[in-house]
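Trainee: Please take me through the terms used for this model, and set each value against its cut-off before drawing a conclusion.

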Amino acid sequence: MIGEITSILEQSGAVAVGLAKAAPVEESAWKGFLDWIRRRGHAGMGYMENHSAIRRDPRLLLESAKSIISLAFPFKPPQFREKDKEMIACYAYGLDYHDVIRKRLNRAVEEMRESFGGEYRICVDSAPIMERYWAVKAGIGKIGANGAVIVPGHGNMVFLAEIVTTLDIDCSGNPLKLDNDYRHCLHCGECIGECPASALLTDGTVESSRCLSYLTIEHRGEWTEPEAIEAMNTDAGKNLIFGCDLCLRNCPLNYDTPSTAIHEFLPSREVMELSKEKIAELKQEDFSRIFKGSPIKRCKLSGLKRNIGENL
């Protein structure tokens with residue numbers, strides 16, 4: 001069964017497939033998450049505090065759940081925006097991964113249901129589940145110093161997804177165990193050193209209130225907190241349009257990895273040519289048309305104009 005399931009999911013575009021028994025999150029990992037919440041590492045992302053019972057025990061996502069399948073989908077682009085242009089996080093060059101991966105996994109799950117029966121719940125960064133924990137538990141990678149999961153052969157430019165299922169799948173063959181040795185991380189310090197606002201901590205967590213990605217995407221309204229203003233006044237902060245991925249671009253483990261083969265993630269002409277001047281002229285109807293199906297729509301036109309120093 002496990003070989004057939006892996007084959008089906010790899011056909012959906014996944015470059016890593018791992019399995020774990022559905023069970024409560026281990027105490028040490030759960031304590032680490034709660035400590036991060038208590039110190040407000042999640043900044044204004046209040047939803048991280050919700051549904052703690054489900055986040056602790058993913059079996060609550062699906063009645064009679066027995067197994068969790070963890071998957072990684074690569075998004076490294078074949079080329080980046082030119083260096084003289086403002087930064088856009090490269091995960092946003094193509095279509096929204098939430099929609100793309102869910103559509104691909106919907107087809108895979110239908111095939112699995114026909115072959116093996118069972119019930120399934122697809123999670124693509126949308127359910128209260130500790131995806132990095134389950135990626136490590138399922139054996140598809142290790143957490144690096146920048147907090148991202150490193151998948152051997154594909155680095156950490158990957159999206160994670162999970163399938164919670166009632167299938168009782170043998171998970172005994174997983175190659176990795178949950179620990180803190182960061183087996184695939186080089187401990188070179190490049191990611192921490194390249195973070196413009198010192199948002200990356202040495203324990204692999206992120207202080208979101210200083211993270212340029214959070215501040216330009218998730219944060220709503222103007223930046224008023226001192227640490228946010230300081231972060232956005234860095235050279236990198238002044239040169240952003242949407243998000244920041246310097247900690248990924250400067251990770252040596254991403255240098256020689258292949259670019260994505262998922263065509264929906266390939267760069268669009270509109271995003272590659274986007275500039276502050278073009279954003280300043282955008283009207284709502286243009287924004288809705290250009291960024292339909294794009295991750296950039298998440299920050300809304302008001303957020304995009306705020307990011308370049310313009311007010312609506």
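Mentor: Let us begin with the polar contact, which is a pair of N or O atoms within 3.5 Å; within protein, one of them must be able to donate a hydrogen and the other to accept it, and residues adjacent in sequence count only if both atoms are side-chain atoms. The model is a predicted one, in which local features need pLDDT of at least 70 and side-chain atom pairs count only at pLDDT 80 or more, whereas totals for chains, interfaces and linings use all residues. Residues are numbered from 1 along each chain as its sequence is written, and side-chain values use heavy atoms, with hydrogens and water left out.

Trainee: What lies 2.8 Å from a polar atom of the side chain of Asn-250?

Mentor: The backbone oxygen of Leu-246 lies at that distance from the side chain of Asn-250, and because the limit is 3.5 Å, the pair at 2.8 Å falls within the distance set for a polar contact. Asn-250 itself is placed in the loop between α10 (246-249) and α11 (269-272), where helices are DSSP runs of H or I with at least four residues, strands are runs of E with at least two, and both are numbered from the N terminus.

Trainee: Why is Asn-250 called buried, and which residues does Asn-250 touch?

Mentor: Buried means a relative accessible area under 20%, exposed means over 50%, and partly exposed is in between (1.4 Å probe, protein chains only). Asn-250 has a value of 19% and is therefore buried. Contact means heavy atoms within 4.5 Å, and once residues up to four places away in sequence are left out, Asn-250 touches Glu-190, Glu-194 and Tyr-255.

Trainee: What makes Asp-35 and Arg-38 a salt bridge?

Mentor: The term asks for a side-chain nitrogen of Lys or Arg within 4 Å of a carboxyl oxygen of Asp or Glu. The closest N and O atoms of Asp-35 and Arg-38 are 3.1 Å apart, so the pair qualifies. Both residues belong to helix α2 (residues 27-38), where being three residues apart separates them by about one helical turn. Asp-35, at 29%, is partly exposed, while Arg-38, at 59%, is exposed.

Trainee: How many salt bridges does the structure hold?

Mentor: The structure holds 20. In one of them Glu-49 pairs with Arg-40, with 2.9 Å between the closest N and O atoms; Glu-49 is partly exposed at 39%, and Arg-40 is partly exposed at 43%. Another joins the side chains of Arg-59 and Asp-57 at 2.9 Å, N to O, although Arg-59 is partly exposed at 36% and Asp-57 is buried at 14%.

Trainee: Where is Arg-40 found, and what is its phi?

Mentor: Arg-40 is found in the loop between α2 and α3 (52-56), and its phi is near 65°, a positive value in a residue other than glycine. Ser-198 also has a positive phi, near 55°; Ser-198 lies in the loop between α6 (190-194) and α7 (212-217) and is exposed, since its relative accessible area is 52%.

Trainee: How many cavities of 30 Å³ or more does the structure hold?

Mentor: There are two. On a 1 Å grid over the protein atoms alone, a cavity is a set of points where a 1.4 Å probe fits but cannot get out, a pocket is an open set with protein on both sides within 12 Å along at least five of seven lines, and lining residues have an atom within 4 Å of a point.

Trainee: What is the volume of the second largest pocket, and which residues of its lining are closest to its centre?

Mentor: That pocket holds about 330 Å³ of space, and of its 15 lining residues Lys-83, Lys-85, Met-87, Leu-246 and Arg-249 are closest to its centre. At least two lining residues come from each of β3 (87-88), α9 (235-238) and α10.

Conventions: Grid points are joined across faces, edges and corners, and a volume is the space filled by probe spheres set on the points.
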